[in-house]
Amino acid sequence: MAEREATTVIKIPITLDIPIGPQHPAIHEPVMLKIYADGEEVVHAEVNTGYNHRGIEKLMEKNSFYKDKFISSRVCGICNAVHENCYTRAVEYLAGLEPSPRAKYIRVLAMELERIHSHMLINAIMAEVIGFDTLFMYIMRDRELVMKAKEILTGNRVEAEIHMFGGVRRDIDDVKKDKIMDILKKLEPRLKYYRKLFEEDPTINSRLAEIGILKPETVLGYSLLGPILRGSGIKSDVRAEDKYDAYGEIPWTVITRPEGDSLARMLVRWDEALESLEICKYILEHLPQGPAVVDERKLPRVFPPGESYARVEAPRGELVYYINSVGGANPYRVKIRTPSAVNIINSAFSYVGHSIADVPVILVSYDPCISCMERAIVLDLKNNVEKRVPLKYIAQKKVRL
């Protein structure tokens, strides 16, 4: 039988399905990246969340405005001060309360110390992800200096709990100011050293430079926030736009870089840590006189009806709190939009075209905070209906899954 020449070619793509997470060495919180690869090249990516949902928004609706101040700071352990600042200011807008100038400066001091240790933490994790375990430990060692400064200011190493409606809960004296200033002077050369290391080390550059490039029109199109936005050259920062608390009185600069790659995002964080350090030094040298601490026994426990909206520049980008009050001791509705909810869910496209080994690098460059971003939605696929229900209904099996 004579051989026949082929006239048609049928290509069957074969992809490899690689789950990264929900527990993975490169991911310090539970989230799953479902990666589809053709050889070593990523051809599709999905972000699956929902492993850490705690129902905090519903919890806040069941508790008083006063208790919610403390619940809001538990949304995230790393950036707890910005969460309580955003919630506190939203309640202050609702009740017409105004903190003193000294209280505003102390609030900014707490939030900028938090920004420094948050940026050091994610840069340390990036060092660990690319194999620099010793650099990870050095950065984490020096991060303890910031945690000590935060403890001197707030009384707590992690949870600040320094905000209160109309002011702050703790003042600062000259002895504490000197101690924090000494720590900042000791920390400054270390931050400059790590920044130079990330910028000049050939191995770090080979792993981060030109990886996960996001053009300015792309980050705007996908509504990405914070250092991701500024690492692509977009000069946007809530601190400069809203000038809340004392940010309108303190000289500082919005940091941007034009490259848009993973290295640019990490260098923006190092530069922002140095800028935050200068803000802290300015506050300690120019702290206004007058009262700062409010008498919590005299604060209102019942708040008027109305709606309130506040936003803050968290270490990962814009954080928003919305409060709806019908009058009374409890809020009717509390909604929180965290930067990671936007940055992580909207960034699946950015892994496509890169190698599998680049996926953890790109993810860490987005500084994911999964505990902030978890939401739960029940989808009725049979009837194509979407429902939002309390978690206790799921636990009590009142909702069939």
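These legends describe close-up views of a predicted model.

Local features rest on pLDDT of at least 70 and side-chain atom pairs on pLDDT 80 or more, while totals for chains, interfaces and linings use all residues. Residues are numbered from 1 along each chain as its sequence is written, and side-chain values use heavy atoms, leaving out hydrogens and water.

**View 1. Helix 4 packs against helix 11.**
Two packed helices are described by the angle between their axes and the distance between the axes. Here helix 4 spans residues 101-129 and helix 11 spans residues 262-285. Helices are DSSP runs (H or I, at least four residues), as are strands (E, at least two), and both are numbered from the N terminus. The two axes come within 9 Å and cross at roughly 155°. Each axis is a line fitted to C-alpha atoms over the stretch in contact, and angles run from 0 to 180 degrees between N-to-C directions. Helix 4 and helix 11 are therefore roughly antiparallel (an angle over 145 degrees). The crossing is left-handed (the near helix is turned anticlockwise from the far one by less than a right angle).

**View 2. Side by side: the residues where helix 4 meets helix 11.**
Contact means heavy atoms within 4.5 Å. From helix 4, the residues include Tyr 105, Leu 109, Glu 112 and His 119. From helix 11, they include Arg 269, Trp 270, Ser 276 and Cys 280. By class, this contact has 17 nonpolar, three polar and four charged residues. Ala, Val, Leu, Ile, Met, Phe, Trp, Tyr, Cys and Pro count as nonpolar, Asp, Glu, Lys and Arg as charged, and the others, Gly among them, as polar.

**View 3. Glu 57 and Ile 336 carry a UniProt "binding site" label.**
The label comes from an unreviewed entry, and such annotations may be inferred rather than shown by experiment. The pair is spread over 280 residues of sequence, yet clusters in space, with a largest C-alpha distance of 7.2 Å. Glu 57 lies in helix 1 (residues 56-61). Ile 336 lies in strand 8 (residues 333-337). Glu 57 is buried, at 15% relative accessible area (buried means under 20%, with a 1.4 Å probe and protein chains only). Ile 336 is buried too, at 9%.

**View 4. Glu 161 has a positive phi.**
Its phi is about 50°, although Glu 161 is not a glycine. Glu 161 sits in the loop between helix 5 (133-154) and strand 4 (163-164). Glu 161 is buried, with a relative accessible area of 8%.

Key
Angles under 35 degrees count as roughly parallel, over 145 as roughly antiparallel, 65 to 115 as roughly perpendicular and the rest as oblique. Buried means under 20% relative accessible area, exposed over 50%, partly exposed in between (1.4 Å probe, protein chains only).
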